[in-house]
Amino acid sequence: MPVRTVEPLHLRLLRSLRDEGAVSRAELGDRLQMPRPRLLAELERLVGLGYVAEAGLAASRGGRRSTLVELNPQLRFAAVDLGASSIDVEVVDGRLEPIAAYTESADIRNGPKVTLQRVNELLHKARVDGAYERLHAVGIGVPGPVSFRDGVPVSPPIMPGWDRFPVRELLTREHGCPAVVDNDVNIMAIGERHGGVAHSVDDFLFVKIGTGIGCGIYLSGEVYRGTDGCAGDIGHIQLDSHGPTCSCGNVGCLEALFSGAALARDANAAARNGSSPALAERLSIRGAVTALDVAESAVEGDVACIQLIRDGGRRVGSVLAGLVSFANPSMIVIGGGLAQLGHILLAEIRSVVYRRSLPLATGNLPVVLSELGARAGVAGAAVLASDVAFGEAS
Ligand SMILES: [Zn+2]
């Protein structure tokens, strides 16, 4: 059993106000099981630093009404989720409620300077529009391995020019506040644990199936990132030594067999070779078919499309079965763009995981779709940003 790090007092206090809202001092003391003099001293210190503010009087419980405390309403965090082909930016308040949000398409292969300049432009626009006066922290997720300690991407396969680029340093300098950089799948897992289907679940796997495939790993309530930051890079586990060539240069990786790109490839083939009438029709109208066409055609009952999704689910399931035996999670969450393949995909993943893992490990193992969907990434980046800002209040 790993030893959990003891959470410092100020961090517990600020997280409690973030997650549960305004509260009386007495209730806060009960919640944190903290002696009153110590709590009052700490609150006074955090008010002085600008993290905490008075929030009016509590409803009377008889006797003297107590004053509520809450996070300073001026606290603002920036949350950024960079995908292979998209930028999502939000500015949130201390309780992580969005104040401003922007989504646009962008190609991560344009490199760090162009991409981060666009992120900065969007954040400056949010300030001009009145979303904030100053940011207290920035959290950002990128679609590749990250050295969490150094705040830089490390040899990311689909991000040319980003290797070791000082992302954290650039954002810190630009916005005059701390910044934190993580992998896109990890921030989705963090978002889902904070405000989604894995709320307060300590051991779970978040599997993102999109352009690529990756896995966020929560063990004993902490994200497990591995020595070099590439833990959970399950898209490159080999399933077929004679399979198609992968973007990483190897053959037969999971994501070379099933991912957004692989499914589009197989769907176009099924449209052309006549095995899927529904896809053939869509191809003749639009000139190309995508994963979304497969999802829609499957719902309409197209046999070849249902089979494509089942084959993909079986492959993901066989990798997950190994992970379940290894890590014994209490939940598996499926997210990312291909989660739109929905219940056919989920049913196949479940069936393979339940069939192949140890019965003890799957006795009570929900395999469910992400609740936050496309917002999981920014939601997690906001949680990370707030944690980093709160950490500075020591
Ligand atoms: Zn690969």
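Reply: Happy to! D93 belongs to strand 5, residues 86-93 (strands are DSSP runs of E, at least two residues, and helices runs of H or I, at least four, numbered from the N terminus). This is a predicted model, where local features need pLDDT of at least 70 and side-chain atom pairs 80 or more, while totals for chains, interfaces and linings use all residues. Residues are numbered from 1 along each chain as its sequence is written, and side-chain values use heavy atoms, leaving out hydrogens and water.

D93 is buried but has no salt bridge: R76, the nearest side chain of opposite charge, is 5.4 Å away. Here buried means under 20% relative accessible area, exposed over 50%, and partly exposed in between (1.4 Å probe, protein chains only); a salt bridge needs a Lys or Arg side-chain nitrogen within 4 Å of an Asp or Glu carboxyl oxygen. A polar atom of the D93 side chain does lie 3.0 Å from the backbone nitrogen of R95. Leaving aside residues up to four places away in sequence, D93 touches L75, R76, F77 and I99 (heavy atoms within 4.5 Å).

Elsewhere, the whole structure holds 22 salt bridges. One of them joins K208 and D184, at 2.8 Å from N to O. That pair links K208 in strand 11 (residues 204-209) to D184 in helix 6 (residues 184-195), 24 residues apart, and both residues are buried. For a surface example, R109 pairs with D107 at 2.9 Å; R109 is exposed at 57% relative accessibility, whereas D107 is partly exposed at 27%.

How values were computed
Lys, Arg positive; Asp, Glu negative; His and termini not counted. Polar contact = N/O pair within 3.5 Å; in protein donor to acceptor, adjacent residues only side chain to side chain.
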